[in-house]
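Me: I would like to go through the terms used for this model and ask what stands behind each of them.

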Amino acid sequence: MQSPRLVRHSRRGQALVLFALTLLLLTLMVLMTLGFGMRAKERVEIQMAADAAAYSQAVATARAFNAIAVMNRAQVAHMVAMAGTQSLISHSSQEYAAHDVACPGSIPPPVWFAADAAAAVQVQQLQGRAGNLFQAGLNIYGKLLSEHIAEQELTRRVAQAVNPELRAPSAGAAKSFSELNGGNDVPERDAVIQSIKAGTYGCGVGDGALCPSGGGTPALNATMGSMGWTWVHNRPGGTAGFGTGGAAISTSFRRYGSVSQMDPATYDTVSGRNSTAHDHGRVVIPTRCTRAPTLPPIATDAWVMSDEEQTHEDQHVYGARMPPGQAPEDGKPTYETHTLGACVVCPGIWPYSVGYNVDELHAGASNHYGQPKLYSMLYRDYASAERRARPDPWNLFFRFRFAGTETEFDNSSPLGRIRPTGREDVHRNQVALSAGMVYYHRPRPAAQGGGWREPPNFLNPFWRATLVSAEGARDDRPADSLSAAGFSGHARALRELHSVGYRGGGPGDRGY
């Protein structure tokens, strides 16, 4: 029988055991709280990085679109100036012819020929610079695609700035690239020209928001509307523009036999086949004669027509230079003085310009009128070499041994110790998807009835950027985009959410 003293002493330490068990439980709870908190923090971090990357992509695209619109505007301005210079050549030719008859020598021929040649050079330079603007616009668009959109290059740079362990899968760029360029290669000028020559060039539904050479007709019409006949010539009986002469009669080139065939003052004859200006039916009173002319005031027709360098069909008619007006001037053929640059797809002197895809525009609201939506996709790999080398200190590692077998458990993963299972593993990879939209914004003031001034286009720089839902348009399939990038488990989870009623801000009938 034990003494009461021994029994009393044996009860000591019972509270310590309970305290140790409680401390262990408390420690596990604290570590789990830290783990959950870190996961939540990392979830917020990766989503904010994806949002920043999506918005950055949209901003870069909007700036590229605005730059292209400004270059198209500058191209229009160059062609307006070209028509204006042609108009001045025509008018000065008429004045020179009148003085040459009324008071020969009052305008020395060498002075006249030098001024005429200088103006012709200016016309050719304006056309060449307008063509260079098309090349510059394509260069900007090509850099946008190759240096920012393709393989999620811009998204990758944004992610690296936020956290070096965030990664941007190359396959995640498919949606953004398709929205801008369809399934086509990054456009280059020579390739575009060759496809036009071969008759294989096309830009329609599915080819993206931008047409590498789809802005010629809108730019031509914008030029004709911008310059206005009065502004260009500012005198009765004159006009200037870009027409075909006898194109309404024949698709082939026709020499102008009279000024009546020259008139490009209606849109029916505007095609960009040649650059023309003429003055007719006007009394010219010489003002530079040193003495009063003995002949009465003279009315004479004058015109100038310039086309591509290869044809040698250019004309310059004034005074005694009757149609077709191709006799040498100052010993030089007219096709050397008043020609333009070489055509690339002949006939035509109009430079190409980047245009908006009107087929996508006409598709309507179901595809946001063709305005591109750009995805940004990021992921964090919890089984990466970096993570395995430096695991979080609160993620405890346990090794259990039962009946001669050993089981490992890491509380950072429900699967146990994280293994390289691939992107399809939801537990291994944390994924974030975000979307930015590039949209055209030029509203009409409420006092004028509200609404919008015009649809999306590349003639005015009113493109903006914003973050939007990844769903909404007819071709928005976030689950498909995840699957294409290898995250099949995440895509399956998203589809299961949709099957039980989750919509995520998008229309319920679009599916995933």
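Reply: A charge is said to sit over a ring if NZ of Lys or CZ of Arg is within 6 Å of the ring centre and within 35 degrees of the ring normal. The model is predicted, so local features need pLDDT of at least 70 and side-chain atom pairs count only at pLDDT 80 or more, while totals for chains, interfaces and linings use all residues. Residues are numbered from 1 along each chain as its sequence is written, and side-chain values use heavy atoms, with hydrogens and water left out.

Me: What makes the charged end of Arg39 one that sits over the ring of Tyr382?
Reply: The charged end of Arg39 is 4.3 Å from the centre of the Tyr382 ring, and the limit is within 6 Å. The charged end of Lys175 also sits over a ring, that of Tyr375, at 5.4 Å from its centre.

Me: Why is the aromatic pair of Trp112 and Tyr318 called edge-to-face?
Reply: Rings of Phe, Tyr and Trp (its six-membered ring) pair if their centres lie within 6.5 Å; planes under 30 degrees apart count as stacked, over 60 as edge-to-face and the rest as tilted. By this rule there are 13 aromatic pairs. For Trp112 and Tyr318 the centres are 5.7 Å apart and the planes make 75 degrees, hence an edge-to-face pair. Trp112 belongs to helix α3 (residues 109–149) and Tyr318 to strand β8 (residues 315–318), so the pair ties together parts that are 206 residues apart in sequence. Helices (H or I, at least four residues) and strands (E, at least two) are DSSP runs, numbered from the N terminus.

Me: What makes Tyr356 and Phe458 an edge-to-face pair?
Reply: Their ring centres are 5.6 Å apart, with 85 degrees between the planes, and the limits are within 6.5 Å and over 60 degrees. Tyr356 is in strand β9 (residues 355–356) and Phe458 in the loop between β13 (429–440) and β14 (463–468), so parts 102 residues apart in sequence are tied together by the pair. Tyr356 and Phe458 are both buried. From Gly355 to Phe458 the C-alpha to C-alpha distance is 5.9 Å, although they are 103 residues apart in sequence.

Me: Why is strand β7 (residues 302–306) described as largely enclosed?
Reply: Five of its five residues are buried, so β7 is largely enclosed by the rest of the structure. Both faces are covered, with Ala302, Val304 and Ser306 buried on one side and Trp303 and Met305 on the other.

Me: How do you know that β7 pairs with β4 and β8?
Reply: Two strands pair if DSSP finds at least two bridges between them. Five bridges join strand β4 (residues 274–279) to β7, and four join β7 to β8; both pairings are antiparallel. His278 stands opposite Trp303, and Met305 stands opposite Gln315 in β8.

Me: What makes β1 (166–167) and β14 edge strands?
Reply: They belong to an open sheet of four strands in the order β1-β10-β13-β14, with antiparallel pairing. β1 and β14 each have a single partner strand, so one side of each is left without a neighbour in the sheet. β1 pairs with strand β10 (residues 373–381) over two bridges, which meets the requirement of at least two. In β10, Tyr379 is the bridge partner of Arg167.

Me: Which residues lie nearest the centre of the largest pocket?
Reply: Of the 27 residues that line the largest pocket, Val344, Ile349, Trp350, Pro351 and Tyr352 lie nearest its centre. On a 1 Å grid over the protein atoms alone, a pocket is an open set of points with protein on both sides within 12 Å along at least five of seven lines, where a 1.4 Å probe fits; lining residues have an atom within 4 Å of a point. α3 gives the most to this lining, with five residues.

Methods: Buried < 20%, exposed > 50% of the residue type's maximum accessible area, 1.4 Å probe, protein only.
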